[in-house]
Amino acid sequence: RRTLRWGPYGGGQLSSFWGERLVGLGPAGAAAVTVTWPGGGSESFGPFAAGGTAVLRRGAGRKAGDGRR
């Protein structure tokens with residue numbers, strides 16, 4: 001298990017940066033992700049296969065800790 005944390009990433013009204021994050025899995029073939037959103041609330045997503053791309057949207061995951069969607 002590994003924990004990664006990111007703070008505010010900037011951007012603004014005229015910014016084109018949309019907050020893309022790249023995460024390497026090392027030798028793992030897949031990984032699940034838990035996101036703690038700004039302002040509270042957590043959701044789990046995945047598992048995702050190595051070498052792929054995923055877009056995580058608030059409200060589209062499973063409530064963290066309950067295994068339900």
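This is a predicted model: local features need pLDDT of at least 70, side-chain atom pairs count only at pLDDT 80 or more; totals for chains, interfaces and linings use all residues.
Biologist: Which residues is G29 in contact with, leaving aside neighbours within four places in sequence?
Modeller: Contact here takes heavy atoms within 4.5 Å. With neighbours within four places in sequence left aside, the partners of G29 are F48, A49 and A50.

Biologist: And how far apart in space are G29 and G51, C-alpha to C-alpha?
Modeller: Along the sequence, G29 and G51 are 22 residues apart. In space, going C-alpha to C-alpha, the gap is 8.6 Å.

Biologist: In what sense do β1 and β2 pair?
Modeller: These two strands form a hairpin, with 5 residues between them. In the turn sits G39, with a positive phi of about 90°. One of the bridges joins T36 to S42 in β2. Over 6 bridges, the pairing of β1 and β2 is antiparallel.

Biologist: Now to S44: is it buried or exposed?
Modeller: S44 has its place in strand β2, which covers residues 42-49. The cut-off for buried is under 20% relative accessible area. S44 has 15%, so S44 is buried.

Biologist: Which residue's side chain makes a polar contact with the side chain of S44?
Modeller: Leaving aside neighbours within four places in sequence, S44 is in contact with V33, T34, G61, R62 and A64. A polar contact needs a pair of N or O atoms within 3.5 Å. At 3.3 Å, the side chain that makes one with the side chain of S44 belongs to T34.

Biologist: What share of the residues in the chain is buried?
Modeller: The chain has 69 residues. Its accessible surface comes to about 6,000 Å², and 52% of that belongs to carbon and sulfur atoms. As for buried residues, their share is 10%.

Biologist: Last one: where in the chain is confidence highest?
Modeller: For the chain, the mean pLDDT is 78, and 67% of the residues reach 70 or more. Confidence is lowest in strand β1, residues 30-36, at a mean of 90. The highest is at 93, in β2.

Key
Residues are numbered from 1 along each chain as its sequence is written. Side-chain values use heavy atoms; hydrogens and water are left out. Helices (H or I, at least four residues) and strands (E, at least two) are DSSP runs, numbered from the N terminus. Buried means under 20% relative accessible area, exposed over 50%, partly exposed in between (1.4 Å probe, protein chains only). A polar contact is a pair of N or O atoms within 3.5 Å; within protein, one must be able to donate a hydrogen and the other to accept it, and residues adjacent in sequence count only if both atoms are side-chain atoms. pLDDT is the predictor's confidence in each residue, from 0 to 100. Accessible areas come from the Shrake-Rupley method with a 1.4 Å probe; for residues, only the protein chains shown count as cover. Two strands pair if DSSP finds at least two bridges between them.
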